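Me: Hi! I've got a structure to go through with you. Could you take a look?

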Amino acid sequence: MKVLVIGAGNMGLTYAEGMSKSKMLKKNQIMILDNSKEKLEELHQISHFDAYKNLEDCVPEADIIFIAVKPYHAEELFGRMATLVKPEQIIISIMAGVTIDTIKKLTGLEKIVRAMPNLPAQVGKGLTSYVTSKSVSRIERLTVESLLDSTGKSILVSNEKFIDASTGISGSGPAYVFYFMQSMTEAALQMGFSESVSKVLVSQTFTGAVELFNQSSLSANSWMQKVASKGGTTRAALDSMEDNNVNELIKEAAYAAFNRAIEMGKENK
Ligand SMILES: NC(=O)C1=CN([C@@H]2O[C@H](COP(=O)(O)OP(=O)(O)OC[C@H]3O[C@@H](n4cnc5c(N)ncnc54)[C@H](O)[C@@H]3O)[C@@H](O)[C@H]2O)C=CC1
Ligand SMILES: O=C(O)[C@@H]1CCC=N1
């Protein structure tokens, strides 16, 4: 089996690295293509991947083609791929808001997997939701799942609406966590801590809270109540968040990403 990754940015390179460390593939079974000169130079330094500049040199060789370019590059890329692809090839696209129908229309292929990963894939802690078109067989789906699992966990969803929804939760979600971390860091600095101490205070608090959450069946809300003593400091903080509608604002933000994914699906038709 040969896998071609197109787009060697944050996510494409992360997947290439993840797949190369999995038992599924050897390094020489992974090809990677990027159209940026600087990226290609960078790729040539990473000697374990076969790096390509021209689609015609690698697309025909691939069994699975992993698309990791920005959504607005999809039309141009697929247009150039259309004459090089073969019906048995499988496309895995991680582009936000590019639908299976659009990919079918632009490439002429039928075996399409639409997936939504997230950035923690870079450290093997990613979450990828995915859905397949009808033409992808069970065996092919399991192969794809093993590739996606090479960067963390994967979840098969029942239809594309849940890919857009998971974009709003897990795909964009790391940025919401960083937003919260940034606010807490700014508060720590204002209280007089140094940058390095602020960083430790914030990061260990997040790591510890997530660890507690993961090691029990308690909900986030139950854990919140465990931290908060009656009339105490945490209650004061949580009341302030409630008074300022922070809960509703975070939900609104997640919906903004979900809706933007749907909108991009229409724009990229
Ligand atoms: N960054 C993130 O957290 C997530 C990104 N995604 C999706 O992943 C995709 C890639 O995002 P990033 O890796 O962040 O972008 P990036 O900008 O880091 O990487 C994109 C790469 O594609 C290359 N490229 C552009 N057009 C090309 C073409 N026609 N042929 C070959 N290479 C081409 C660029 O030179 C660049 O190296 C996007 O579609 C995004 O929606 C999905 C989930 C999370
Ligand atoms: O911001 C974006 O559009 C991409 C999709 C999810 C995370 N990054």
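Reply: Happy to! By class, the shell around ligand 2 holds one nonpolar residue, three polar ones and no charged residues. Here Ala, Val, Leu, Ile, Met, Phe, Trp, Tyr, Cys and Pro count as nonpolar, Asp, Glu, Lys and Arg as charged, and the others, Gly among them, as polar. This is a predicted model: local features need pLDDT of at least 70, side-chain atom pairs count only at pLDDT 80 or more, and totals for chains, interfaces and linings use all residues. Residues are numbered from 1 along each chain as its sequence is written, with chains lettered from A and ligands numbered from 1 in the order in which they are written.

Me: Which residues surround ligand 2?
Reply: Ala-96, Thr-167, Gly-171 and Ser-172. A residue is near if its C-beta atom, placed from the backbone, lies within 6 Å of the molecule.

Me: And which come nearest to ligand 1?
Reply: Gly-7, Gly-9, Asn-10, Met-95 and Ala-96, of the 27 residues around ligand 1. By class, that shell has 14 nonpolar, nine polar and four charged residues.

Me: Which helix gives the largest share of the shell around ligand 1?
Reply: H1, with three residues. Helices (H or I, at least four residues) are DSSP runs, numbered from the N terminus.

Me: What comes just after H8?
Reply: Gly-192, which takes a positive phi of about 110°.

Key
Helix = DSSP H or I, 4+ residues; strand = E, 2+ residues; numbered from the N terminus.
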